[in-house]
Amino acid sequence: MKEKFDYILQVFRSLYHFGELVPDITYGGDRRGRIHIRQGDTRSLETNQHIDIRETQVIWKPWLGESIPFFFDSSDSDLFVENEGNWDIRFDLIASSFFLLSGWQEYFSETLDQYGRFQYSSSVQYRLGFTRLPVVNYYFDILRTVVEKAYGCSLAPVLQEKQNRFTVCLTHDIDTCETAWLEGSFAALKKKDFFTPVRLVLKKIFNRDAWFNFAEILALEQSFGATSTFFFLPTRHKNMGIKNADYDIRRPKFKPVFKMIQEHGGEVGLHGSIGSSTNPDALRVEFSTFPEPVKSNRFHFLLYDSKVTLKILEETRFQIDSSMGFAEHFGFRNSFCLPFRPYDIAGNRALDFYEIPLNLMDGTLQKYMNLSPEQSFDEVLKLLHEVEKFGGVLTVLWHNTHFSAYKYPGWKELYEKILTHCKKEQAGMLGCSEVLKKFLND
Ligand SMILES: [Zn+2]
């Protein structure tokens, strides 16, 4: 467990301002540091085995008003105790953190959907009902509390400032920006609205498509002092029966769009096309031939295979990925709400890029969960409240199409409502690269 313990400790240390402090924390074994974490039954983690949570005893402990699961312990007791200045954490929060953060359940899962995606319904978050909680942040908060007690110090979260109590990472996947006239008209005709198609087609002929709305999105975000990342698809043709872009990224009309995004302090990222998440050559070609230099990626359809995709991202030299989210439900896929370096389970090491997990997508609310924009807002408030507890990051994906009343009425208003709330609550609102820069204190 040494590498895994070192990894979790490294992630923990990246979350707070430690200054000169190097706390003496030990885990299992004979030596007992000032803070000692009891090791549970971690044989399955050490021998690279699938862990079936149904066969595992789960012990729930209260922390910050919520019930938090522990997966590797066999007896219940207090979370931690003090003995003459030494602190004993009696639950294996290292193994539980590692299990969730590393995506262990996905790596060893046999039940994938038709596109090779790990399914929400197979997840431990779904089965035990804690998708809405960033459980790993709770574990780290327990550890932080013990460090503070043991050393008489106060550890502030790195992204939390007087002005910004928490952060919202704003992103847009651009799948479609040329066919509002077609898709919007079709949606209108279904409602027996014959006027909208005429308007959309005229707009297309005389000006630009209604979904070519980058200036509108940027102006809206600017009015809140917010910036964002726009992920563009470099491929047009269909793959595996899934549509890629309805536009050609190489056309000259995109040059001024990229410029405008950058002038607004935003970021242009790559939206990895269908197939590129499992094909290193395909992703490398998209990365090297993209018309702008890019640092960040998110895969179209959130296609992701943890056995191969992580290494492909590292090899392609992305700095950031933001694909780790459940399409079917909002919340925390790795049970974590801050940037982290993903773990290479086969190589037993941390990978050399950062994941900014995805938490909230418009399509999840609208399509998968069938919620109205009004119903969705209550759920968003609860998610923001969780992130706020830890000075964390909530990553939001709003497609450009959802800023238009054609086909998606009401969703732009919800986005505005979220930004209004976040501004009032003093949240920083930034794109992926800016979030990471702040997190690393660059
Ligand atoms: Zn997409």
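A: Val 396 is in contact with Val 168, Cys 169, Leu 170, Thr 171, Leu 360 and Ile 418, its neighbours within four places in sequence being left aside; two residues are in contact if their C-beta atoms, placed from the backbone, lie within 7 Å. This is a predicted model, in which local features need pLDDT of at least 70 and side-chain atom pairs count only at pLDDT 80 or more, while totals for chains, interfaces and linings use all residues. Residues are numbered from 1 along each chain as its sequence is written.

Val 396 is, with Cys 169, Val 393 and Leu 394, among the residues with the most contacts inside the largest nonpolar core, which has 89 residues. Such a core is a set of buried Ala, Val, Leu, Ile, Met, Phe, Trp, Tyr and Cys residues joined through C-beta atoms within 7 Å, where buried denotes 20 or more other C-beta atoms within 10 Å of a residue's own, C-beta atoms being placed from the backbone. Helix H6 (residues 135-151) gives this core its largest share, eight residues; helices are DSSP runs of H or I with at least four residues, numbered from the N terminus. The core lies between domain 1 (2-151) and domain 2 (166-177 + 212-439), because both give residues to it; the domain bounds come from an automatic or database domain assignment. Another core, of 22 residues, lies apart from it and includes Phe 214, Ile 217, Phe 230 and Ile 249.

As for the protein chain, buried residues make up 48% of its 442 residues. Of its contacts between residues at least 6 apart in sequence, 76% join residues at least 24 apart.

Note on methods. A residue is buried if 20 or more other C-beta atoms lie within 10 Å of its own, exposed if 12 or fewer, and partly exposed in between; C-beta atoms are placed from the backbone. Helices (H or I, at least four residues) and strands (E, at least two) are DSSP runs, numbered from the N terminus.
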